[in-house]
Amino acid sequence: MPGKNRGVRIYFARHPAYKIRMPQLADLTAAVAAGKRTDTVRLTQELLATGLPPQDIVERGLVPGMAIVGEQFKRNEIFVPEMLVAARSMKEALKILEPLLATAGIKPKYTAIIGTVQGDLHDIGKNLISMMWRGANFAVVDLGTNVSPERYLAAAKEHQAHIVGLSALLTTTMPAMKETVRIIKAAGLPNTRIMIGGAPITQAFADDIGADGYAADAGTAVDIAKKLVAEAA
Amino acid sequence: MTTISLTGCERVNRMFARQEQDRVPRQDTFWPETIARWQREGLTGDHTEVFRLLGADFHTICWSWPMVFPGRRELLAEDHETETVRDAWGGVARFWKHRSGTPEHISFGCDSREAWEQVYRPALLAAPSPLDPRVAVRQFREGRALGRWTHLAGVEGFEALRRLIGDEACLIGMIEDPEWIRDIVRVHTDVVLRSFEGVLAAGVQPDGLWIYGDMAYNHATLCSPAMYRELVWPAHRRMAEWAHARGMRVIYHTDGCVRDVLDLYVGAGFDCLQPIEAKAGMDIRAFAPTHGSRLAMFGNIDVMKMATNDLAAIEEEIRSKFAAGMATRGYAYHSDHSVPPQVSWDTYRAIIGFIDRYGDY
């Protein structure tokens with residue numbers, strides 16, 4: 001489309017960075033990973049102006065940035081503050097891109113439901129996992145805290161969830177996790193996989209109650225979710 | 001086997017000095033639901049009776065967690081399980097009505113540096129002390145009469161930060177506005193120490209200071225060791241120096257995995273770490289040999305193992321960890337968090353028996 005390309009040329013001819021080089025997806029990836037919100041928004045707008053499809057900006061620019069964050073987090077090279085500022089940068093970029101994606105009818109391929117189990121009001125762990133799943137381009141439905149097994153099941157059905165994530169911080173609420181897994185499994189949803197996590201949770205407990213996956217931290221939660229949806233496909 | 005017999009106070013002080021003791025000092029924490037279960041299973045009395053049976057050695061004189069608006073509790077909503085209130089820190093939180101557990105923090109009144117400087121900082125500094133010296137004197141005398149190691153208790157800056165401005169603002173602020181974070185920690189520490197001064201002025205002579213602050217989760221510290229060192233550690237060191245200057249030892253409480261900051265704790269002047277959460281990967285069998293001479297270890301007995309009620313596994317947990325801790329003479333028994341209601345009364349009585357068996361020097 002000649003007109004569109006001409007617009008891009010005019011835009012960059014006026015842009016102070018033009019004389020240096022065109023914006024690159026790699027720059028956006030680096031900006032997200034470093035949690036540079038202003039740069040992330042600017043680069044997103046510049047890449048859009050080049051005519052790059054929003055989906056490419058998400059999948060080839062933003063998601064790899066959050067993947068770097070996840071890897072660094074797993075290795076204790078960065079900590080929660082750095083993860084938060086990176087996720088916030090991505091969120092700001094998505095505010096620009098999501099309306100465009102919606103107009104084009106493009107949705108994330110996978111949907112995840114997440115909540116803290118019944119009897120438990122903690123939410124920081126759940127919120128971190130939500131951020132990282134969004135960063136991996138999952139559509140995330142956050143059910144909040146103190147979520148009953150029945151609400152998890154209803155939401156899993158309504159949203160045709162690929163992943164249901166259960167969080168618990170207290171040893172006292174682990175039985176609620178077991179009951180939730182039991183009810184969802186009994187419903188026989190063929191494409192839904194259940195992941196659990198939280199301070200008192202272990203792989204052994206996950207195995208014991210029949211959960212499909214256990215994530216020790218927010219970085220690993222992305223890997224496990226991807227693995228589970230791939231296995232279910 | 002030693003032949004000396006000590007009071008709780010003597011025992012704990014000797015633990016800190018790595019001197020000869022008759023047995024390991026002991027303390028524990030229980031969820032209210034645990035005590036309720038045990039009462040149904042034959043416990044006569046409440047947690048004080050459990051402390052008596054356990055042979056608890058520690059006694060809390062007072063608990064300092066300064067509030068910005070003392071006494072405020074405005075009910076905003078409720079259902080059959082929870083109530084949502086605007087609380088004494090200016091935030092909105094949802095609490096359980098009939099069970100234990102920490103609240104869900106819905107919003108925080110102190111949501112910006114401006115709010116802190118214009119409203120919350122002056123209010124915190126002007127608020128009355130959270131401590132009643134008369135109550136503290138009574139508690140101190142009670143602890144002394146029981147022969148226990150008496151201590152002040154209070155919340156440190158990191159925990160106060162999270163309660164005042166929330167996890168997200170706190171952790172992002174550590175990157176984007178560190179001076180704001182440093183100021184909150186500094187002011188909170190000033191107010192806590194001022195409250196303790198009021199108690200000491202009333203004639204209380206505690207043996208120690210027990211500082212509470214959860215700065216980690218099951219994977220690592222919430223912020224990097226470098227960020228902790230820069231923003232929070234100076235206040236920790238100030239609290240420890242304050243206590244040491246008054247002849248007190250310092251216990252630091254944090255849940256979570258704090259392996260990477262043990263040296264910073266030693267450098268801050270902490271004398272003891274508690275409760276050393278096993279399910280976060282903390283294991284005194286690994287670091288008592290490396291840090292036990294400088295940092296006493298208090299706890300680490302895995303509540304998840306207790307919750308299995310598998311006596312053989314629990315006995316091995318206690319035997320092996322007591323052996324590691326006692327090798328330094330700087331070890332005290334505590335569960336690695338709070339004993340949960342999955343633990344039967346029979347199991348906990350067996351646990352006391354294992355502590356008797358393996359905890360004698």
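Reader: Hi! Which domains does the domain assignment give for chain A?

Author: Hello! Keep in mind that this is a predicted model. For chain A the assignment gives domain 1, covering 2–103, and domain 2, covering 110–232.

Reader: Thanks. How far apart do the C-alpha centres of domain 1 and domain 2 of chain A lie?

Author: Those C-alpha centres are 29 Å apart. The contact between the two domains takes 12 residues from domain 1 of chain A and 11 residues from domain 2 of chain A.

Reader: And which element gives the most to the domain 1 side?

Author: That is α4(A), with 8 residues. Both α4 (54–74) and α5 of chain A supply at least two residues each to the side of domain 1 that touches domain 2.

Reader: How do the residues on that side of domain 1 divide into nonpolar, polar and charged?

Author: The side of domain 1 of chain A that touches domain 2 of chain A has 8 nonpolar, 1 polar and 3 charged residues.

Reader: Let's switch to the two chains. How many residues of chain A are in contact with chain B?

Author: On chain A there are 19 residues in contact with 29 residues of chain B. Helix α5 (residues 80–103) of chain A provides the largest share of the chain A side, 4 residues. By class, that side of chain A splits into 11 nonpolar, 5 polar and 3 charged residues.

Reader: Back inside chain A, then. At what angle do the axes of α2(A) and α5(A) cross?

Author: Helix α2 (residues 25–33) of chain A crosses α5(A) at roughly 135 degrees, and the axes come within 7 Å. The two helices are therefore oblique to each other.

Reader: Which residues meet there?

Author: From α2(A) you have A:Ala31, A:Val32 and A:Ala33, and they meet A:Ala86, A:Ser89 and A:Met90 of α5(A). That contact has 5 nonpolar residues, 1 polar residue and no charged ones.

Reader: What about α7 of chain A, which residues are buried?

Author: In helix α7 (residues 149–158) of chain A, the buried ones are A:Pro149, A:Tyr152, A:Leu153 and A:Ala156. They sit on the same side of α7(A), because they cover an arc of only 95 degrees around the axis.

Reader: What covers them?

Author: The cover includes β1 (110–116), β3 (163–167) and α8 (174–187) of chain A. On the face of α7(A) turned away from the buried side, A:Glu150 and A:Glu158 are exposed.

Reader: Where does a positive phi turn up around α7(A)?

Author: Look just after the helix: A:Gln160 takes a positive phi of about 50 degrees.

Reader: Another glutamine I was curious about is A:Gln45. Which helix is it found in?

Author: A:Gln45 is in helix α3 (residues 37–49) of chain A. With 15 C-beta neighbours inside 10 Å, A:Gln45 counts as partly exposed. A:Gln45 and A:Lys95 are 50 residues apart in sequence, and their C-alpha atoms are 11 Å apart in space.

Reader: Last one, over in chain B. How do the axes of α6(B) and α7(B) cross?

Author: Helix α6 (residues 157–165) and helix α7 (residues 167–176) of chain B have axes that come within 6 Å and cross at roughly 120 degrees. So α6(B) and α7(B) are oblique to each other.

Reader: And which residues make that contact?

Author: B:Leu161, B:Arg162 and B:Ile165 in α6(B) meet B:Asp167, B:Ala169 and B:Cys170 in α7(B). By class, the contact has 4 nonpolar, no polar and 2 charged residues.

Technical notes: Residues are numbered from 1 along each chain as its sequence is written. Chains are lettered from A and ligands numbered from 1 in the order in which they are written. This is a predicted model: local features need pLDDT of at least 70, side-chain atom pairs count only at pLDDT 80 or more; totals for chains, interfaces and linings use all residues. Axes are lines fitted to C-alpha atoms, for helices over the stretch in contact, and angles run from 0 to 180 degrees between N-to-C directions. Angles under 35 degrees count as roughly parallel, over 145 as roughly antiparallel, 65 to 115 as roughly perpendicular and the rest as oblique. Two residues are in contact if their C-beta atoms, placed from the backbone, lie within 7 Å. Ala, Val, Leu, Ile, Met, Phe, Trp, Tyr, Cys and Pro count as nonpolar, Asp, Glu, Lys and Arg as charged, and the others, Gly among them, as polar. Domain bounds come from an automatic or database domain assignment. A residue is buried if 20 or more other C-beta atoms lie within 10 Å of its own, exposed if 12 or fewer, and partly exposed in between; C-beta atoms are placed from the backbone. The arc is that of the directions from the helix axis to the C-beta atoms.
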